[in-house]
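This briefing goes through one protein model by topic. Please keep the sequence and the structure at hand while reading.

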Amino acid sequence: MFSSFAADAPLIREPLHAPVAHLVRGGVVEGIHYGSVVVLGADGHVQFQLGDIEAAFHPRSALKPVQAVAMVRAGLPLDGELLSLAAASHSGEERHLAGTCRILELAGLTEDDLRNVRDLPFDPVVRDDWIRQGRLPSRLAQNCSGKHAAMLYTCKLNGWSLDDYLDPAHPLQQAIAEIVEDLTGQQIAQVTVDGCGAPLFSVSLHGLARAAARITTAAPGTPESRVADAMREHAEMASGSGRDVAALMRAVPGLLAKDGFEGVQVAAFPDGRAVAVKIADGADRARVPVAAAALARAGADPAALAQFAGEPLLGGGEPVGCVRPVRALDPVTLSACA
């Protein structure tokens, strides 16, 4: 679609998901989360797979590091906290709003130039405080505002039009699509619209893991390395205080991790080992323990991942069960659940 060197686009079909996690209450499997998991070795080969890793799917915000790489390749001069924010699904904390305003200021623009949807902050505590203050939904508070501000800045630097920067035919989005295909190694299957209003490019779960590995193994000083460094060093700017994805990057040295709506998680080590997860029903309660189990399979220290085993299920206020990865993915957790 956008390039001639990428492999064929993944097929658009009903994914052949498999059970990836069990909801266990009192020793009985009460529910099953279906999904798909891929683990890549440092050599790029698939070390483990479960479900359907080759069907087209929507990476949602897990693709933001790739979008950020595309913008840096197109001249975006950000680094550090602001570059991390450009790849963020932020919580709407004041530092996120201030950072987005700073990017817009560098571009000579204002919040009025943003074209993402208006929303309340993503973090429930921040959102409740926002409502108590009588503040209304805004483009600035929406969790993708940092990315949109960076998109506008990239357009301004290149002399591209601003009002239509979300059009898939816009030079910015064409440049992003080219890098999506470059880093995933495959053509885009479909282009639709993400929740924030930006184009959403469909690839495969396998392709998403490849892209993350290529970002973390890139040479120092490259756009890929700059994005990875910024997100790892400023994990809370790429997410927020108390967010599991930030905690994951702090717990596993050198790990780059990004989550996405509808149960998507991607993560990669500096040596190219990578994992990608899609939970079919979009449940975060399964995403976190399944991603942790996949990272353990990739070689992460299980002790460092203990905090990501998932929240306990309660009965009468007491733990009576948990969400645990299936035996095929991680047999170790089976004894840790009531």
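Strand E4 (56-57) and strand E6 (residues 199-204) pair in the antiparallel sense over two bridges. Helices (H or I, at least four residues) and strands (E, at least two) are DSSP runs, numbered from the N terminus, and two strands pair if DSSP finds at least two bridges between them. The model is predicted, so local features need pLDDT of at least 70 and side-chain atom pairs count only at pLDDT 80 or more, while totals for chains, interfaces and linings use all residues. Residues are numbered from 1 along each chain as its sequence is written, and side-chain values use heavy atoms, with hydrogens and water left out.

**The sheet with E4, E5 and E6**

- The open sheet has three strands in the order E4-E6-E5, with antiparallel pairing.
- E4 and strand E5 (190-193) are at the edges with a single partner strand each, so one side of each has no neighbour in the sheet.
- Phe57 has Val203 in E6 as its bridge partner.
- Helix H7 packs on this sheet and touches E4 and E6, where contact means heavy atoms within 4.5 Å.
- The direction of H7 makes about 100° with that of E6.

- E7 (256-260) and E8 (264-268) pair in the antiparallel sense over five bridges, and Gly260 stands opposite Val264 in E8.
- These two strands form a hairpin with three residues between them, and Glu262 in the turn has a positive phi of about 65° although it is not a glycine.
- Glu262 is partly exposed, with a relative accessible area of 41%; buried means under 20% relative accessible area, exposed over 50%, and partly exposed in between (1.4 Å probe, protein chains only).
- E8 also pairs with strand E9 (residues 274-279), again in the antiparallel sense and over five bridges; Val266 stands opposite Ala276 in E9.
- The hairpin of E8 and E9 has five residues between the strands, and Gly272 in its turn has a positive phi of about 100°.
- Five of the five residues of E8 are buried, so the strand is largely enclosed by the rest of the structure.
- Val264, Val266 and Ala268 are buried on one side of E8, and Gln265 and Ala267 on the other.

**Helix packing**

- Helix H6 (residues 171-184) and helix H7 (residues 205-216) pack at an angle of about 90°, with their axes 7 Å apart.
- Axes are lines fitted to C-alpha atoms, for helices over the stretch in contact, and angles run from 0 to 180 degrees between N-to-C directions.
- Asp182, Leu183 and Thr184 in H6 meet Gly207, Arg210, Ala211, Arg214 and Ile215 in H7.
- In helix H8 (residues 223-233), the buried residues are Glu224, Ser225, Val227, Ala228, Ala230 and Met231.
- The cover over these buried residues of H8 includes H1, H6, H7 and E7.

**The nonpolar core**

- Val37 and Leu295 touch the most other members of the largest nonpolar core, which has 110 residues.
- A nonpolar core is a set of buried Ala, Val, Leu, Ile, Met, Phe, Trp, Tyr and Cys residues joined through side-chain atoms within 4.5 Å.
- Helix H10 (residues 284-298) gives the most to this core, with nine residues.
- Leaving aside neighbours within four places in sequence, Val37 has contacts that include Val20, Phe48, Leu205, Ala276 and Leu329.

**A loop residue**

- Arg60 lies in the loop between E4 and helix H1 (64-73).
- Arg60 has a positive phi of about 50° although it is not a glycine, and Arg60 is buried, with a relative accessible area of 18%.
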